[in-house]
Amino acid sequence: MDFLELAQRLNQERLFVASERLHLRSLNEKVQKMVERLFHVTWIARQQRTNLDAMILSKGTDSSPSACCQRANLLEGLRFTDGYKHLGFGESQYGEFVQALRENPRFLAMCLAAGEKLGPDTIQRMVHVIVDSIYGHCMLPDDEKLVLQLLRHLMEMQLASNENPLRLLRHGTCAFGRVYKVFNEGLFSAKLFLTGALHDPIMNLLMEDELFLDIDPSKAVVRFPLQERLHRFGVEGTQEYVANLQRYRNWTINKLVHLANRFAAGIRDNLYCFPSSLLWLVKQLYNTMMKAKKVEVREVGAMCADLVFAFFICPAIVNPEPYGICDAPISYIARFNLMQVAQILQVLAMSKWEEIDPKLMDLYGKFERNCMSSLLDFLLEGGVDEVPAVTAVQMQGLVRTAVLITDSNLQSLIRFLRQILNDSTEKWVDKQTLHSLLSGLPSTTFASGFDGTGASSLPSVPTPPHTPGPRKSILGKVSKNKHNRGSHPNVDGSSTEQSQNGLTMQQQRQQQQLDAEDVVVTSNAEIGRASCRERV
C-alpha cells in the first residue's frame with residue numbers, strides 16, 4: 001500500500017509539474033507577443049515623430065507637406081516580415097554586419113565623427129539609423145548602455161579635442177549633439193522626470209494666457225494695438241505714459257518671477273528621479289573636459305548647464321506635447337510665455353558662469369542667488385563609474401534579437417560606410433576593421449520596394465525562456481498592406497496623379513520613392529541568443 005500511495009503521489013506531482021510548465025509557457029508566449037508588439041509600435045511611433053519634425057522644419061524637397069503626408073500614410077499600413085524571405089542567404093551576413101556595428105560603439109563614434117564632412121542631412125539620417133534601428137531607440141538596458149558609451153566616445157573625439165567646445169556644442173550640428181538629442185527624446189526615464197517636474201507648472205501657466213509676458217521691456221508696448229496702447233498707457237512721451245509703462249513692467253516681472261519659481265520648484269522637488277543615464281553623461285562630460293584642460297572651468301560648467309537645461313529641460317518646457325507632459329491645447333500667447341520662462345531658467349542656470357545683461361537685472365535680481373545653478377552643482381556631486389548603471393530594472397530579462405531598419409536606410413548605412421572607407425584623407429577610422437566589415441556583405445544589393453506581402457518580423461512560434469535558438473540572424477522588412485497599395489501613386493499612374501492632384505513631377509518622384517521604400521529589420525543570434533525573438 002505504501003508503494004501504491006507513493007506512485008499515486010508521484011503521478012500527481014508529475015501532472016502538476018506538467019500543468020505548471022504549460023501554464024508558464026503560455027504566459028511566456030503572451031509576454032513575447034506583447035514585447036513584439038511593443039517594439040513594432042515603438043519603431044512606427046519613432047518614424048512618425050521623425051516625419052513630423054521633418055515637416056515642421058521643412059528642410060529639403062523631401063520634407064514638403066505632401067511628401068510627409070504620403071510617408072505618414074505608408075507608416076499606418078505597415079506589417080513586418082522575416083528578413084530571410086527578403087534577403088535569402090545574404091540575411092545572415094547582414095545580421096553579422098549589424099551585430100558587429102552594435103557591439104562596437106567606439107567604432108561607430110569614429111564613423112559618425114568622420115562622416116560629418118558628408119553633409120548635415122547625411123549625418124542626421126545616420127544618427128537616426130544608428131539610434132532608432134541598431135539600438136532600438138534604447139528600449140532595453142543593454143541598448144541604453146551602448147548608446148551612452150557611443151556618446152562618451154563622441155564626447156572625447158569631438159568636444160575634448162576642440163579649441164572651442166562650448167561653441168561647437170551650442171551650434172548643435174556635431175554628431176554628439178545630434179545623438180544626444182535623439183537619445184534624450186526617447187528615454188523613458190527622462191519623460192518620467194519631465195512629466196513630474198513640469199506638468200503642474202505648465203498647466204498653471206496655460207490657465208493664465210491673456211497677455212504676453214515679455215522679458216525685454218522694449219517689446220512690451222508693441223504687443224498692443226494702437227487704440228489699446230493709448231487706453232492702457234496714455235500718450236507717448238508724457239509722465240502718465242512713463243508711469244503706466246513702469247507699472248505694467250513691474251506687473252510683468254512679478255508674474256514671470258512667480259511662474260519661473262514654480263518651474264524651479266518643480267525641477268528641484270523631482271531631482272530624485274532625474275534620469276541616471278543623463279546624470280552619468282553630465283558627469284562624464286565634466287570629468288572629460290577637466291582632464292583635457294583645454295578650456296577654463298567656467299566653460300566646462302556652462303557646457304554641463306547646456307546639456308541639462310538648453311538641450312533637455314528647456315525644449316520640453318517650450319514643446320511639452322511630444323514628451324507627453326500635457327495634452328491640453330497651447331495657444332500662441334501661452335507658447336510665447338513658455339518660451340520666456342524657459343529663457344529665464346536657462347539664464348539663471350548659466351548665471352554662475354556667464355554674466356546677466358544689466359538691462360534685465362530688474363527681473364533676474366528678484367530670484368535667489370544660484371537658485372538654478374545650485375541644482376547643477378548637486379547633480380555633479382560624487383564620482384562617476386566608468387560603465388553606466390542599468391536604470392530599467394524591470395526590463396533586465398529582455399534581450400534584443402531583432403533590429404528594425406528600413407530597406408533604404410540599410411543601403412544608406414552601407415553606402416555611408418563605403419564613402420568613409422574611400423576617403424583617403426580620413427585618419428580617425430580604422431580602415432582595416434571597416435574594410436573587413438564591408439567585405440563580408442553580399443556583392444549584390446537587395447531589392448527595395450513595398451511588395452504588399454507582410455508578416456511578423458519575429459517568428460510566429462515562440463521560444464520558451466532560456467531555450468537557445470538556431471544560430472542564424474534575422475533581417476526583416478516592413479511592407480504596406482495590400483489594400484493600401486491602390487491609394488498611393490506609382491510609376492504607371494504618375495501622370496494621372498499629376499492631373500488629379502496638381503503635383504509637380506518632382507513631387508511625384510518623391511511620392512514614388514516613398515511608395516517604394518522598405519523597412520529592414522536586422523538581428524543576429526549573438527544579439528539575441530534566442531531564436532530571433534525578444535526573450536523573457
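Contact here means heavy atoms within 4.5 Å. This is a predicted model, in which local features need pLDDT of at least 70 and side-chain atom pairs count only at pLDDT 80 or more, while totals for chains, interfaces and linings use all residues. Residues are numbered from 1 along each chain as its sequence is written, and side-chain values use heavy atoms, with hydrogens and water left out. The protein has 23 helices and 4 strands; helices (H or I, at least four residues) and strands (E, at least two) are DSSP runs, numbered from the N terminus.

**Overall picture**

- Of the 536 residues in the protein, 49% are buried; buried means under 20% relative accessible area, exposed means over 50%, and partly exposed lies in between, with a 1.4 Å probe and protein chains only.
- Taking contacts between residues at least 6 apart in sequence, 83% join residues at least 24 apart.

**The nonpolar core**

- In soluble globular proteins, nonpolar side chains tend to be buried together.
- A nonpolar core is a set of buried Ala, Val, Leu, Ile, Met, Phe, Trp, Tyr and Cys residues joined through side-chain atoms within 4.5 Å.
- The largest such core holds 119 residues, and Phe97, Leu112, Leu198 and Met372 have the most contacts inside it.
- Helix H14 (residues 297–318) supplies the largest share of this core, with 14 residues.
- Phenylalanine 97 is in contact with Leu413, Ile414, Leu417, Leu437, Leu438 and Leu441, leaving aside neighbours within four places in sequence.

- Valine 308 is found in helix H14, and it counts as buried at 2% relative accessibility.
- Not counting residues up to four places away in sequence, valine 308 touches Phe274, Val282, Ile313, Leu376 and Leu379.
- Valine 308 and leucine 278 are 30 residues apart along the chain, and their C-alpha atoms are separated by 8.1 Å.
- Isoleucine 215 sits in the loop between helix H10 (188–206) and helix H11 (226–233), and this residue is buried, with a relative accessible area of 2%.
- Leaving aside neighbours within four places in sequence, the contacts of isoleucine 215 include Arg249, Leu256, Gln340 and Tyr364.
- Isoleucine 215 and asparagine 337 are 122 residues apart in sequence, but 9.5 Å apart in space, C-alpha to C-alpha.

**Helix packing**

- Two packed helices are described by the angle between their axes and the distance between the axes.
- Axes are lines fitted to C-alpha atoms, for helices over the stretch in contact, and angles run from 0 to 180 degrees between N-to-C directions.
- Angles under 35 degrees count as roughly parallel, over 145 as roughly antiparallel, 65 to 115 as roughly perpendicular and the rest as oblique.
- The axes of helix H1 (residues 2–57) and helix H2 (residues 65–76) come within 10 Å and cross at roughly 175°, so H1 and H2 are roughly antiparallel to each other.
- Residues of H1 including Trp43, Ile44 and Met55 meet residues of H2 including Pro65, Cys68 and Leu75.
- The contact of H1 with H2 has 8 nonpolar, 3 polar and 2 charged residues; Ala, Val, Leu, Ile, Met, Phe, Trp, Tyr, Cys and Pro count as nonpolar, Asp, Glu, Lys and Arg as charged, and the others, Gly among them, as polar.
- Helix H9 (residues 175–186) and helix H13 (residues 276–292) pack at about 155° with their axes 11 Å apart, and are therefore roughly antiparallel.
- In this second pair, Tyr180, Phe183 and Asn184 of H9 meet Ser277, Leu278 and Leu281 of H13.
- The contact of H9 with H13 has 4 nonpolar, 2 polar and no charged residues.

**Aromatic rings**

- Rings of Phe, Tyr and Trp (its six-membered ring) pair if their centres lie within 6.5 Å; planes under 30 degrees apart count as stacked, over 60 as edge-to-face and the rest as tilted.
- By this rule there are 12 aromatic pairs.
- The rings of phenylalanine 233 and tyrosine 241 have centres 6.2 Å apart and planes at 65°, so this pair is edge-to-face.
- Phenylalanine 233 also forms an edge-to-face pair with tyrosine 248, at 5.7 Å centre to centre and 80° between the planes.
- Ring pairs link Phe224, Phe233, Tyr241, Tyr248 and Trp251 into a cluster.

**Positive phi in loops**

- Histidine 137, in the loop between helix H6 (120–134) and helix H7 (141–159), has a positive phi near 55° and is buried at 10% relative accessibility.
- Lysine 293, in the loop between H13 and H14, has a positive phi of about 55° and is exposed, with a relative accessible area of 72%.
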